[in-house]
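Here is a friendly briefing to read with the model open beside you. Please take a look at the chains, then work through the points by topic.

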Amino acid sequence: MKGNEALAEAAIRAGCKCFFGYPITPQTEVAAYLAKKLPKTGGQFVQAESEVAAINMVYGASAAGVRCMTSSSSPGISLKTEGISYLCGADLPCVIINVQRGGPGLGGIQPSQADYFQATRALGHGDSRVIVYAPNSVQEMVNVVNNAFNLADEYRMPAMILADGLLGQMMEPVEFPETETAEVKKPWATNGHGGSREHNIVNSLYLKPDVLEKSILERDKRYKDIEAKHTTAESFLCDDAELVIVAYGATARVCKSAVNASRAKGIKAGLFRPVTLWPYPKKELVAASSNAKTLLTVEMSTGQMIEDVKLAIECKKPVEFYGRTGGIIPTPAEVLAQIEKITKTLDMEGV
Amino acid sequence: MSVVFEKPHALTDAVLHYCPGCTHGIIHRLVAEVIDEMGIEGDTIGVCPVGCSVMAYDYFNCDMIEAAHGRAPAVATGVKRSLPDKFVFTYQGDGDVAAIGTAETVHAAARGENIVIVFVNNTTYGMTGGQMAPTTLPGQVTQTTPFGRDTAVNGYPIRVVEMLSTLSGTALAARVAVDTVPHVREAKKMIRKAFENQKNKAGFSVVEVLSTCPTNWGMSPVAALKRLQDEMMPYYPLGVYKDEDIHNKKEGNS
Amino acid sequence: MAKIEINFGRCKGCGLCANACPKACIELSKSTRNNKGYLVAEFVKPDACIGCAMCATMCPDCCITVER
């Protein structure tokens, strides 16, 4: 099944009732699939007049208490950031898919990971956070969609699936697990009070600074709770690794091949792959790199996640970087060459 | 003696923050009276805009949502699509409906969304202190048109309901005013009709209400009513520009 | 028999009620201010009131209850 279609099917199975989107390459199959399937499940598919309208329709549907989703690609996500900030400010859950392409500006339509900063730090103004999943296979895309809906509901905040054009367009066998759709009660929803409760208000406006601060701090407590409980990562051959590569998404697949190739040459390399980019799996990275002399971050960007890697290990070890960008995917051979270069330097230093 | 007029239940007890004589309060009350009379408070979700009526969520007793500037029709679409049997209305000003949110307004109408937009036109951005609005009249002095709106520089005001009446998804497009008692009564009738349309799933309904802004116009509340009659009404004629059951017509005529 | 009751606490002294009253029953006070400092509307000619509710119809702040 194609990655984008798997995302869409997983959303339906997770109980997504409404999808609002605007056409943009390379995520079009998500919308096309849902346009066909969602109405058959009693759901609603609306092609909005703009990315801005789409995210605000999500805001409305989420306020009404239903599971809802939108999907886009890099330039479209930039347009959505206003709405994402409002979703955060009004404590509304939803799932947002970003099938990243090259940027800045219109950029290109080939795979990219250059929206890392935006996804983890800048999806909206104000003290706001969004849960970010970075799957690396079609199967994992399926798995994280359900997690994303559940966590979004539990913590009342948006969650993003940060994929890229490669994962979206890739075909792989996939199995849809018997999902446990957590039935979360939403007593805050604006779905008509029916005369049985006070009126609910969904809002992000607080004109009194002390009241606003209180609401932000309350939300921040939830953010801290997520950071403590919901980081996910995969470590591959890290236990004895002298060089630990850190990569996520499609790039991690390339790096895994490079790690296998270097092991065949007797080089002790390992791969650490964060699945959640926010919260960042810091503890897991420290543990995975405990025997490493150096780390290598590989990204389809000019170096964004490397900052989180350095923060996680508190700059106690050198962190090298290798990246391709603009829609170019690094090859295993390129990464292997980097591994060899770094380990040669380590040997020369006699470490 | 019995009570023949009192505050409708759908309005909360909160004192409105609007300036003295601002007719927003009358329009709030009309919406609330319609909700009361139709007995739909428990089934209604209101969406407020950014602008003077940004805090309308505190004034209506039904469930309320505060939207980003101009996005209320999109938010209302999201609510209505999720809860098709509930009543959803937006309450928006001229900047919200016809400047920053033009796309959302036009496309909600084009889709024939079964929602109601109560559009308050007072030819100015009130909340931010009286700048030029998309409905500011030619020659009108505002903070950002200190020498009067020069159409050669600032272009022309938008006649919103005339524009929306050209769209096939629009069921009701009407302009009313709240300057006199008969006009207030007519305005209420039109808002009621818009909500009835929603009940009948007839399509998109917009009621434009000519309103005053005594503070930013620099006038007494009574003089502001006079300006509404003398200057606004000639440019924005009252009337029903479209009244058609869009969705049921399709089925009925087939 | 008709009468109105003005909620002084809500009144902002805008005068739209007085302007609408066909019997000139309402006047803005020259001395009575409410907690917000507004000179409030006063029901000065109760005997002339016909309970038409035109004052309440024009009041933007829902200050007026009408009985008839």
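Predicted model: local features only at pLDDT ≥ 70, side-chain atom pairs only at ≥ 80, totals over all residues.

Helices (H or I, at least four residues) and strands (E, at least two) are DSSP runs, numbered from the N terminus. Residues are numbered from 1 along each chain as its sequence is written, chains are lettered from A and ligands numbered from 1 in the order in which they are written, and side-chain values use heavy atoms, with hydrogens and water left out.

**The largest pocket**

- The largest pocket holds about 330 Å³ of space; a pocket here is an open set of points on a 1 Å grid over the protein atoms alone, where a 1.4 Å probe fits, with protein on both sides within 12 Å along at least five of seven lines.
- Its volume is the space filled by probe spheres set on the points, which are joined across faces, edges and corners.
- Its lining has 19 residues, and R129(A), E227(A), W278(A), Y280(A) and K282(A) lie nearest the centre; lining residues have an atom within 4 Å of a point.
- Sorted by class, the lining has ten charged, six nonpolar and three polar residues, where Asp, Glu, Lys and Arg count as charged, Ala, Val, Leu, Ile, Met, Phe, Trp, Tyr, Cys and Pro as nonpolar, and the others, Gly among them, as polar.
- Helix 8 of chain A gives the most to this lining, with four residues.
- Domain 1 (3-229) and domain 2 (234-348) of chain A both give residues to the lining, so the pocket lies between them; the domain bounds come from an automatic or database domain assignment.

**Loops and backbone in chain A**

- A cis peptide bond, with omega about 5°, joins T25(A) and P26(A), and P26(A) sits in the loop between strand 1 (18-21) and helix 2.
- The bond from W278(A) to P279(A) is also cis, with omega near 0°, and P279(A) is in the loop between strand 11 and helix 10.
- G42(A) lies in the loop between helix 2 (28-37) and strand 2 (44-47) and is exposed at 60% relative accessible area; buried means under 20%, exposed over 50% and partly exposed in between (1.4 Å probe, protein chains only).
- L237(A) has a positive phi near 55° and is partly exposed at 36% relative accessibility.

**Chain B**

- Helix 7 (residues 181-199) has 19 residues and reaches 27 Å from its first C-alpha to its last, close to the 27 Å expected at 1.5 Å a residue; that expected span is 1.5 Å times one less than the number of residues.
- Among the buried residues of helix 7 are V181(B), V184(B), K188(B), I191(B) and F195(B).
- K201(B) follows helix 7 with a positive phi near 50°, and K201(B) is partly exposed at 37% relative accessibility.
- E113(B) is buried, with a relative accessible area of 3%.

**Chain C**

- Chain C has two helices and four strands, in the order β-α-β-β-α-β along the sequence.
- The radius of gyration of chain C is 11 Å, close to the 11 Å that the globule rule gives for 68 residues, so chain C is as compact as a globular protein of that length; the radius is taken over C-alpha atoms, and the rule is 2.2 Å times the number of residues to the power 0.38.
- Buried residues make up 49% of the 68 residues in chain C.
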